[in-house]
Amino acid sequence: MKKFLLLLCALLLVAGCGKPAATLPTVIGSGSVTIPVYKITAPAAGKVLGLILEPNERIGQGQPLFAIEQPQLDTAVEDAATEAARAEAELNNLESGSGEQALDAANYSLQSAQSSYQTASQNYQKMAALYAQNAIARIKVEQAQAALNAAEANLEAAKAHHARLTTKASPEAIAQQKQTLEQVQQQYQKLLHEQQASEAQSPCTGVVTEKLLHTGDTAAKDQHILTIRATEQCQVNLKLPQQQAETLKIGQQVNAEAAALKKSFPGTITEISGGTVTVTITDKLEELQAGTDVSISLKK
């Protein structure tokens, strides 16, 4: 009888464990919601250009804010763009061959190049005038200048090609020109990247809350120029033991549970610095106000 009762108890325990227990979320910490505020600083020392924003203006993420004048670098970029266009046109000339059809094509190319140069020159003059009035962004002038440089290089190459059309290039000469083109293009991209680094872009969609300098002012490197408050994201900073923080990863998906609202919001771990873990939330910000307490748990 005793053995029977023990067996019955065991069966009841097994039956009670038949349903899996609910898995509770892994809470990693809690904190208060903050609205990110970004201080935009000068990426280099020099004159501020194209800063036409004013306080309370809304801007989009990635929108150009201003540029720092770099005369020597700007000249180097223009020269490199011209050289790259010239090298490409020269390669096209070497590969085109000769003959009656080639001569007809060269005549057409020369006329086309002359027309393109005239159009590009007129467009550059127009863009330069608008930029002087702060009516357009700097990049528009740079694009017009690059187009003019390319048109000029193409025109020079078309003239040279027309003059030496009867000379057929050797395979060795073509290979050498391809190598030259690759080198000048790499140099142009390098200088262009340096130039772009002197331009500031908005890190978020938000509102300008502070403007400390204006177009034409001279800024020191890393000098505070603008302040932008985000409108489409908020953050929660968690203070964790460093050992625990090291188990987390940037890009990891989490849930932010707001007990007061009885709602949860998806988020992403965007920064880990020592024991401080930053979670960014981009959904339903109209409900999550600054100061709202939330608990952060890992998504399963």
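Is Asn 149 buried or exposed? Asn 149 is buried, with a relative accessible area of 7%. Buried means under 20% relative accessible area, exposed means over 50%, and partly exposed lies in between, using a 1.4 Å probe and protein chains only.

The model is predicted: local features need pLDDT of at least 70, side-chain atom pairs count only at pLDDT 80 or more, and totals for chains, interfaces and linings use all residues. Residues are numbered from 1 along each chain as its sequence is written, and side-chain values use heavy atoms, with hydrogens and water left out.

Asn 149 is found in helix 4. Helices (H or I, at least four residues) and strands (E, at least two) are DSSP runs, numbered from the N terminus. What does Asn 149 touch, leaving aside its neighbours within four places in sequence? It is in contact with Glu 78 and Thr 82. Contact means heavy atoms within 4.5 Å.

On a 1 Å grid over the protein atoms alone, a pocket is an open set of points where a 1.4 Å probe fits, with protein on both sides within 12 Å along at least five of seven lines; lining residues have an atom within 4 Å of a point. About 800 Å³ of space lies in this largest pocket. Grid points are joined across faces, edges and corners, and the volume is the space filled by probe spheres set on the points.

The lining of the largest pocket holds 33 residues. Arg 138, Ile 139, Val 141, Glu 142 and Glu 199 lie nearest its centre. By class, 19 are nonpolar, eight polar and six charged. Here Ala, Val, Leu, Ile, Met, Phe, Trp, Tyr, Cys and Pro count as nonpolar, Asp, Glu, Lys and Arg as charged, and the others, Gly among them, as polar.

Now turn to the strands. Strands of a sheet pair through backbone hydrogen bonds, either parallel or antiparallel. Two strands pair if DSSP finds at least two bridges between them. Six strands make a closed barrel, in the order 1-10-13-12-11-14, with antiparallel pairing. Strand 1 (residues 26-34) and strand 14 (residues 293-298) are joined by six bridges. Gly 29 stands opposite Ile 296 in strand 14.

An open sheet has four strands in the order 6-5-3-8, with antiparallel pairing. Strand 6 and strand 8 (218-219) each have a single partner strand, so one side of each is left without a neighbour in the sheet. Two bridges join strand 3 (residues 46-49) to strand 5. In strand 5, Ala 67 is the bridge partner of Leu 49.
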